[in-house]
Amino acid sequence: MKVRDHLTGEYFVQRDVLDELCLDEVARKRTHSTKPPLCERVKDCLRCSGPRLKQTVLSCVPVLSWLPHYSIRENAMGDFISGISVGIMHLPQGMAYALLASLPPVFGLYTSLFPVLLYVIFGSSRHISIGTFAVISIMIGSVTEKLAPDSDFKILNGTNGTGGVDIDARDAYRVQIACAITVLGGLFQILLGLVRFGFVVTYLSEPLIRGYTTGAACHVTISQLKYLFGIKPSRFSGPLSQVYILVDICSLLPETNVAELVVSLVALAVLIVVKELNAYYSKKLPLPIPIELIVIIAATIISYFAGLSSKYSVDVVGEIPSGLKAPRVPDVTLFSEVVGDAFAVAIVGYAISISLGKTFALKHGYKVDSNQELLALGLSNSIGSLFQCYCVTSSLSRSLIQESTGGKTQVAGVVSSIIVLITVLKIGSLFEDLPKAVLSTIVFVNLKGMFKQFLDVPMLWRSNKVDLLVWLVTFTCTVLLNLDLGLAVSIGFSMLTVIFRTQLPRYSILGQVPGTDLYLDTETYEEAKEIPGITIFRSSTTVYYTNAELYLEALQEKSGIEMGKLLTKKKKRDAKQKRQQEKEKKKAKKEAKKQRDLNGHLSNGKFSLKEPEKNQWKELNEEKLSAGMNAQSQGNGMVMTLTETPANGHIKGQVNWAYQHDASTSDSDSETGCHGDDNTTQTSHSGDGEEGRGCGLGTHSIVLDLSTTSFVDTVTVKTLKNIFRDFGEIDVDVYLAGCQACVVEQLETAGFFSESIPKSRLFATIHDAVLHILKKQRPTDTTSYNCVLDISCITKM
């Protein structure tokens, strides 16, 4: 209804205070009207129809949803140019990253062909480029070198007992290991996609991924130094292996192959200069200069005519067979040895791919299905492993090229696959004299973006110290503990930071912003003022078993109510009060006995009183027998008022111990009287009589703001019950506000509400709780009740 403000003359709309009891009926009607029965929901899920089948097929095979509507006029030219650019990049990167996986370069070309075509069919992103990637390649390489070291393929010379390495047998076994990891990783991704486990990537935060990829870039760099200097360091595995390899490389620097070092430096200089020119003139150039392909062609020609391999012992790629491999089932006997590494590769590959996919989707205004991406990658890996491919994911450099050169759909992936197919079938053998040092320099140059992630350190130092710690720990563990163990430790540490953040939240006391129904932290906002007698307490995170005890301690600290001391003093006061009562009873009995003896002695001595005087004396004795003592006892800063004692010896009323504790520490001389649950009387030396409890300086009510709580467990329920019980013993009312519907349901299921904790203690908002408290304290004085909150229970139209 409309209410007119007598001060301003404006009209307002007044509403009732909304507690949980008021909302129950509405919620019950809403629940019954919107939720069908369980049997109906099950039938609806199992029901099959044409539209539902079509939707399922289109979601599982996204190419069917966009290819029929493909616009040749708008998209064909951009996809064609983008596909050519990405296909040209696939050639050098495929061969270079195959070396990272310790595989022959041709298997990098296979990996750039079959998985790309599969992703075109099942992928949901339009811009990412699937294929070889440095991080995944180095993870595969660490496993292949560990399970198939050179020492297992030594060829002994009959004369002196020495010899070389059986390269063909070693590479064939390493390919089997890589294929086993790939098919297992693909199956893991398919399984996770089927159970809708796409949210697993949320456990890999951005600082963790960037720190991990930066650490992996260090692994890649160290692994390629042997090609750069033309040396052959020993192989190490396990924790600190990269440190041992780096030390060994430094010790072998005097044995550097000068010719190979010169080739590396020249190729590196050309690549860096042209890459910088591409970046500087990116807006003017229609296509970036394919410098990697140019360097590969030039280096191959120079190596062939100069005889770098035969004359200067420069390590070259070697034989590249033409044609495609026949499908082959991976060796299942290797599964038990690589299952852990396969799971790590699957998770890391998916995390990199989905992060890039969501970045481009956000930029171009479409959605990427995280679960469908798991299925697409899983099918690309598991089917690709049959064609001698190893694990794939999206590449940052190729994806940027595909997007920046005008690519609109995955048709660009089809064009790039055609270029790779032509290379594998016809011109792959022409690169047999390509120096491996040139491929290593291509890897170095393409790691520039990862090493630029070191700039995250100063940025995170300014913005978020916890994320900086996650980045540094992830980077350090990845470098020192290898990629698989480093990833596990990094995820564990990241989870610990989440636990610590929830276990050590920020607790605050809220105050009202005058003239509004906003309640803000009083320590942060100067305008927020506490309401006298009401403490509003909030935790910045969910209250659960790890921080429930801290929640109770913070509540006592912030409210200034030392529960343990007050309960102890209350018990002592009760015991002292009981002894005082017993003492007064005995004293009254003794006086009554003395009076009776005196009356008898006077009667025997023939001295009597007149009848009116006898009645007066009798009434006085009866008053002494039936009445207690009304006295005030003050000590240790505590004030207690004893009221009239009834016949059963109990004292009426209760003592607000929290208020008296606050009053004892204040400079005022106010005193509180005894009060019960429904009414109380308070007086002050200033003579201001106030109705209601604790309307002065003390705390008579506490409001717990649970708006940040998303769930409650059994420990939380017990903690809240203890809060209601303990504060109730010192006569402080506790209320809950801002509970979400799911939290209320969980409280009801746990049996939280009872006669001692009625549902009327639960309010929709803090403001409703405050209005209820003030109305309860001043049930008739609505003027002062409204003036305290300025707007009270009214809202301007």
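## Close-up views of charged side chains

**View 1. R761 is a buried residue, with a relative accessible area of 19%.** What we're looking at here, and in every view below, is a predicted model. R761 gets the label "buried" because its 19% falls under the 20% cut-off. Which residue does R761 meet in a salt bridge? That's D733: the two side chains come together with an N to O distance of 3.7 Å. This pair links distant parts of the chain, 28 residues apart: D733 sits in strand β14 (residues 733-737), while R761 is in the loop between α29 (741-749) and β15 (762-763). D733 counts as buried too, at 10% relative accessibility.

**View 2. D733 also forms a salt bridge with K776.** In this pair, the closest N and O atoms are 3.4 Å apart. Is K776 buried, partly exposed or exposed? With a relative accessibility of 38%, K776 counts as partly exposed, because that value lies between the 20% limit for buried and the 50% limit for exposed.

**View 3. E403 and K363 make a salt bridge.** Look for the closest N and O atoms, which are 3.0 Å apart. E403 is buried, at 13% relative accessible area, whereas K363 counts as exposed, at 58%.

**View 4. Five lysines, K585, K586, K589, K590 and K594, gather in a patch of positive charge on the surface.** Let's pick out K590. Which helix holds K590? You'll find K590 in helix α25, which runs over residues 563-604. K590 has a relative accessible area of 57%, and that makes it exposed because the cut-off is over 50%.

How many salt bridges does the structure hold? There are 16 of them.

Methods: Residues are numbered from 1 along each chain as its sequence is written. This is a predicted model: local features need pLDDT of at least 70, side-chain atom pairs count only at pLDDT 80 or more; totals for chains, interfaces and linings use all residues. Side-chain values use heavy atoms; hydrogens and water are left out. Patches are made of residues with over 30% relative accessible area and no salt bridge: like charges are joined within 9 Å, nonpolar side chains (Val, Leu, Ile, Met, Phe, Trp, Tyr) within 5 Å. Accessible areas come from the Shrake-Rupley method with a 1.4 Å probe; for residues, only the protein chains shown count as cover. A salt bridge is a side-chain nitrogen of Lys or Arg within 4 Å of a carboxyl oxygen of Asp or Glu. Lys and Arg count as positive and Asp and Glu as negative; His and the chain ends are not counted. The place of a charge is taken as NZ of Lys, CZ of Arg, CG of Asp or CD of Glu. Helices (H or I, at least four residues) and strands (E, at least two) are DSSP runs, numbered from the N terminus. Buried means under 20% relative accessible area, exposed over 50%, partly exposed in between (1.4 Å probe, protein chains only).
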